[in-house]
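These are my notebook entries on one structure.

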Amino acid sequence: MSSRTASCYCGQLRIEVQGELLGVGVCHCLACQQRTGSVFAALAGYAAPYTVTGKATEFVRTGDHGSQFRFRFCPVCGSTVFHTEEGVEGRVSVAVGAFADPTFPPPEDSVYEHRRHAWVKLPVGITRYDTDPS
């Protein structure tokens, strides 16, 4: 079984994921833009098992459909590393940038396209959703 490790900038908070990547997506919603300080969030989905080391500060946000998302970030450097969705067991979404791997696979899905900055160009053939398809 393959594994990958993602970490915050200072290395204090880490997550090691096991197995195959379930998918990569980008989110252009205003909450993700503010949360990341960027124009979108890039996320990689993995199934359990995963191992977290270090201390995390948590922030819970309610999504458009009422889902609760629990974001974990480093209390030292502030980097968001991963999040889980309340009620969805055995799955984690890891910030693609936390892998620090420029060869990481490109996104397959793009959500909240109506909030995408016009100058952001995405891979050809990506599946696009105007809002959240869930």
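Which element gives the most to the lining of the second largest pocket? I found that β8 does, with 4 residues. (Strands are DSSP runs of E of at least two residues, helices runs of H or I of at least four, numbered from the N terminus.)

I note that this is a predicted model, in which local features need pLDDT of at least 70 and side-chain atom pairs count only at pLDDT 80 or more, while totals for chains, interfaces and linings use all residues. Residues are numbered from 1 along each chain as its sequence is written, and side-chain values use heavy atoms, with hydrogens and water left out.

**Pockets.** I used a 1 Å grid over the protein atoms alone: a pocket is an open set of points where a 1.4 Å probe fits, with protein on both sides within 12 Å along at least five of seven lines, and lining residues have an atom within 4 Å of a point. A volume is the space filled by probe spheres set on the points, which are joined across faces, edges and corners.

The second largest pocket has a volume of about 280 Å³. Of its 19 lining residues, R35, T36, T80, A95 and G97 are the closest to its centre.

For the largest pocket I recorded a volume of about 830 Å³. It is lined by 35 residues, and L43, F69, H83, S93 and D132 are the closest to its centre. β3 (23-27) gives the most to this lining, with 5 residues.

**Cores.** A nonpolar core is a set of buried Ala, Val, Leu, Ile, Met, Phe, Trp, Tyr and Cys residues joined through side-chain atoms within 4.5 Å; buried means under 20% relative accessible area (1.4 Å probe, protein chains only). The largest core has 18 residues, of which I15, Y46, V94 and F99 touch the most other members. β9 (91-95) gives the most to this core, with 3 residues. Apart from it I noted another core, of 7 residues, including C32 and L43.

**Cysteines.** I searched the whole structure for disulfides (pairs of cysteine sulfur atoms within 2.5 Å) and found 0. For C8, the nearest cysteine sulfur is that of C74, 3.7 Å away. C8 counts as buried, at 3% relative accessibility. C8 is placed in the loop between β1 (3-7) and β2. Beyond neighbours within four places in sequence, C8 is in contact (heavy atoms within 4.5 Å) with L13, C74, C77, S79 and V81.

Key:
Buried < 20%, exposed > 50% of the residue type's maximum accessible area, 1.4 Å probe, protein only.
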